[in-house]
Amino acid sequence: MDSIDKLLAELQTEYKEVQPQQQSKSATAKSFIPSSPKSASFIDKLLADVKADFIEEDAAIELKKQQELEQERIRQEQLKAKQLETLKVQAKQWLAKVDPLSSEGLWFEKFAESYPSRLEAAIEYLKNNE
């Protein structure tokens, strides 16, 4: 936004510098370049239009970035959900294979006590041992 304001200020400064030079030119040149207050308001309106265009363009760019970030967030959530489903399948298979009387089985039973279910404990166990 600051760069737009700087650009507009530069344009206004250049216009003010060029305007006295134009007034010193011949009468023919003066007839083509208005030097009345009407012309200043035209330049102000033109500059305001340019500024509005920049603001609109910036807003469109920001909206596009937000949409891309939202799409990436959704993609990441879908990926996590898919990984969790894969881990659930692996955890069910592991639970079916583990011997409850083996040292690993006994350790796991103690480990699983702090989880709401044996499946959640198995998922956490497999996630940490990948």
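The model is predicted, so local features need pLDDT of at least 70 and side-chain atom pairs count only at pLDDT 80 or more, whereas totals for chains, interfaces and linings use all residues. Residues are numbered from 1 along each chain as its sequence is written, and side-chain values use heavy atoms, with hydrogens and water left out.

The side chains of Arg73 and Glu77 form a salt bridge in which the closest N and O atoms are 2.3 Å apart, a salt bridge being a side-chain nitrogen of Lys or Arg within 4 Å of a carboxyl oxygen of Asp or Glu. Arg73 counts as partly exposed at 38% relative accessibility, and Glu77 is likewise partly exposed, with a relative accessible area of 45%; here buried means under 20% relative accessible area, exposed over 50%, and partly exposed in between (1.4 Å probe, protein chains only). Together with Glu70, these two residues are linked in a network of salt bridges, and the structure holds nine salt bridges. Another of them joins Lys88 to Glu85 at 3.8 Å, N to O, and this pair, three residues apart in helix H3, is also separated by about one helical turn. Lys88 is partly exposed, with a relative accessible area of 28%, as is Glu85 at 46% relative accessibility.

A salt bridge between Asp5 and Lys51 has its closest N and O atoms 3.1 Å apart. This pair links distant parts of the chain, with Asp5 in helix H1 and Lys51 in helix H3, 46 residues apart. Asp5 counts as partly exposed at 34% relative accessibility, and Lys51 does so at 27%.

The largest nonpolar core comprises 12 residues, among them Leu87, Ala91, Trp94, Phe108, Ala122 and Tyr125; a nonpolar core is a set of buried Ala, Val, Leu, Ile, Met, Phe, Trp, Tyr and Cys residues joined through side-chain atoms within 4.5 Å. Helices H3 (37-97), H4 (103-112) and H5 (118-128) each supply at least two residues of this core, and H5 gives the most, with five residues. Leaving aside its neighbours within four places in sequence, Ala91 is in contact (heavy atoms within 4.5 Å) with Leu119, Ala122, Ile123 and Leu126.

The count of aromatic pairs comes to eight, where rings of Phe, Tyr and Trp (its six-membered ring) pair if their centres lie within 6.5 Å, and planes under 30 degrees apart count as stacked, over 60 as edge-to-face and the rest as tilted. Trp94 and Phe108 form an edge-to-face pair, 4.9 Å centre to centre with 75 degrees between the planes. Because Trp94 lies in helix H3 and Phe108 in helix H4, this pair ties together parts that are 14 residues apart in sequence. Trp94 is buried, with a relative accessible area of 15%, and Phe108 is buried at 0%. Trp94 also forms a tilted pair with Tyr125, 5.0 Å centre to centre and 45 degrees between the planes; as Tyr125 lies in helix H5, the pair ties together parts that are 31 residues apart in sequence. Ring pairs link Trp94, Trp107, Phe108, Phe111, Tyr115 and Tyr125 into a cluster.

Definitions and conventions. Helices (H or I, at least four residues) and strands (E, at least two) are DSSP runs, numbered from the N terminus.
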